[in-house]
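Have the structure open beside you as you read.

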Amino acid sequence: MSEASLSQVLEACTQRCREMDAPLGDRLQSFADDVRRLDPVFAEVVDRMVAHLLRVEAGAGAPNIGEPFPSFVLPDENGHLVSLEGLLRSGPAVIAFHRGHWCPYCRINAETLARIEPELKRAGAHLVIITPETQHFTRELKADAKATFPILTDLDCGYALDLGVAFKVPEEKRAAMTSAGFDISGFNDNSNWTLPIPATFVVGDDGLVKARYVDPDYRHRMDIQEILRAARS
Amino acid sequence: MELHQVRYFLAVCETLNFSRAAEACHISQPALSRAIKQLEDELGGELVRRERLHTHITDLGHAVLPSLRQCFESNLAAKALAQDYLKGGHAPLNLALSRSIEIAMISPVLSEVATAFPRIEIRMFRGSPGEVGERLKNGESEIAVAGPLSSAWERIDTRPLFEQRFGLVMSRKHALAQSNRIELKNLAGERLLCRQDCAMADVVVSHLNEAGMRSVTRHEVPLVADLTGLVRANFGIGIMPRGIDDTGELRFTEIDGVDLSRSINLYTVAGRRHSTAVMTLKTLLRAKDWATETSGASRYE
């Protein structure tokens with residue numbers, strides 16, 4: 001019998017962390033602890049990449065609170081174009097960059113966002129996730145998260161580059177991901193291994209950033225209560 | 001990575017000269033050097049080796065160049081779309097398709113482009129792979145969707161969209177329609193129907209020739225509708241893409257041991273300035289879920 005890859009073993013952990021009755025941050029931490037326990041070497045590779053990205057201040061150039069958020073028009077999972085302008089017509093917009101349907105942290109995060117979507121709607125706010133993946137995979141992420149909001153395709157991280165949140169996965173991390181069963185080269189219609197920092201922005205209907213969370217450590221995501229507070233303010 | 005760092009790096013790659021690159025980017029040379037240095041820090045090594053007369057790109061620089069260029073070009077395309085979206089500017093779109101591309105595969109995407117650019121003006125060309133390649137070269141068509149082009153040209157940018165599978169199609173009244181397996185030898189004495197310049201028919205015929213089967217005749221028609229019409233009348237067996245027009249009267253099947261699939265690609269010419277409508281069509285075609293489309297599942301529900 002062949003040994004299961006790390007990604008396969010982590011499937012049960014993903015489910016467990018989704019079902020935990022705890023804030024998103026705790027559930028993501030619990031998942032990160034699972035990874036470290038199951039494959040300490042992989043966890044160290046992640047640590048090294050994150051430390052490097054923090055040292056070079058990756059993502060530091062992303063729009064700050066009070067600054068205009070660059071407009072976008074990107075295709076959703078059905079190939080329909082969605083514009084920031086259109087989203088802002090009825091109120092603020094929550095814009096979350098995700099790595100893809102293969103990423104357990106994104107899956108946990110996306111499902112949690114799907115749960116607060118009704119609340120956001122009541123506040124007049126729209127929610128979108130942006131990933132570099134093509135529609136076959138944005139559809140998978142959407143179904144997996146039971147989301148009703150659009151998941152947009154940002155090919156080659158072209159729009160993410162505008163915000164300074166695109167980065168190239170270093171060679172060491174790429175090798176570790178591939179052998180762990182996270183070979184992403186078939187998902188993005190390129191073999192560039194360029195990913196976004198999973199940043200989240202809340203943009204007001206005036207087009208200015210109301211709140212932002214930019215952390216090159218992909219194991220950390222914007223606090224859900226923080227998102228709701230910003231969207232309602 | 002920051003947009004300006006990537007832009008400066010691409011300028012250096014083009015000019016191999018820091019002062020000319022700085023000039024092209026309208027910034028000072030120290031600012032350009034600083035940005036390149038930051039990009040080098042992030043990517044973990046020297047990208048450009050600076051020498052008085054022989055400034056050159058390092059191995060790492062060459063390794064990251066294609067992905068940074070693609071990221072930058074997609075940034076330009078995304079920005080152009082965000083800027084021109086619903087602005088109603090004149091949007092010419094000269095598109096070439098090879099004859100095997102069913103319009104239903106492209107039409108939803110064209111409609112989406114037309115929503116974004118209400119003043120779109122489409123000029124569509126259909127032809128053989130050779131003609132499609134010629135039109136791209138001479139600029140009559142800006143973007144094309146087709147199987148493999150017959151002539152190679154280094155400036156043609158080829159992106160695979162999906163695998164197109166061909167098969168045999170016959171009337172349910174045909175003698176072979178009841179067989180579960182069809183082998184080459186079963187085709188002895190049959191009439192084969194194919195569309196003009198059908199590369200997959202060439203594959204079948206060469207297999208037949210190799211097997212020494214001269215009794216099979218080949219008949220060419222210009223349109224898919226001609227082909228299915230003749231097949232319905234049980235004139236012969238057609239060769240066509242799987243999943244087209246399956247109304248129940250027709251039986252689709254494969255030939256045992258003969259691979260009739262090929263890549264359908266998106267073509268543009270590298271280095272040419274494309275209209276926003278063309279860039280948007282390219283984005284939508286690349287992002288599209290072809291797996292669902294081509295499995296046929298969505299259309300036969």
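What follows goes through a helix pair and then a pocket.

Keep in mind that this is a predicted model.

**The helix pair**

Start in chain A with helix α1 (residues 6-19) and helix α5 (residues 104-122), whose axes come within 10 Å and cross at roughly 25°. Angles under 35 degrees count as roughly parallel, so α1(A) and α5(A) are roughly parallel to each other. As for its hand, the crossing of α1(A) and α5(A) is right-handed.

Who does the touching? On the α1(A) side, you'll find A:E11, A:T14, A:Q15, A:C17 and A:R18. Facing them from α5(A) are A:P104, A:R107, A:I108, A:E111 and A:R115. Sort the residues of this contact by class and you get 5 charged, 3 nonpolar and 2 polar.

**The largest pocket**

Now move on to the largest pocket, which holds about 1,300 Å³ of space. Its lining counts 38 residues, and those nearest the centre are B:R69, B:F72, B:E73, B:S74 and B:L76.

Which elements give two or more residues to this lining? Chain A supplies β1 (73-75) and α7 (158-163), while chain B supplies α1 (3-15), α4 (59-84), β6 (156-171), β11 (261-269) and α9 (276-287). The top giver is α4(B), with 10 residues.

| Class | Lining residues |
|---|---|
| Nonpolar | 17 residues |

Notes:
Residues are numbered from 1 along each chain as its sequence is written. Chains are lettered from A and ligands numbered from 1 in the order in which they are written. This is a predicted model: local features need pLDDT of at least 70, side-chain atom pairs count only at pLDDT 80 or more; totals for chains, interfaces and linings use all residues. Side-chain values use heavy atoms; hydrogens and water are left out. Axes are lines fitted to C-alpha atoms, for helices over the stretch in contact, and angles run from 0 to 180 degrees between N-to-C directions. Helices (H or I, at least four residues) and strands (E, at least two) are DSSP runs, numbered from the N terminus. Angles under 35 degrees count as roughly parallel, over 145 as roughly antiparallel, 65 to 115 as roughly perpendicular and the rest as oblique. A crossing is left-handed if the near helix is turned anticlockwise from the far one by less than a right angle, and right-handed if clockwise. Contact means heavy atoms within 4.5 Å. Ala, Val, Leu, Ile, Met, Phe, Trp, Tyr, Cys and Pro count as nonpolar, Asp, Glu, Lys and Arg as charged, and the others, Gly among them, as polar. On a 1 Å grid over the protein atoms alone, a cavity is a set of points where a 1.4 Å probe fits but cannot get out, and a pocket is an open set with protein on both sides within 12 Å along at least five of seven lines; lining residues have an atom within 4 Å of a point. Grid points are joined across faces, edges and corners, and a volume is the space filled by probe spheres set on the points.
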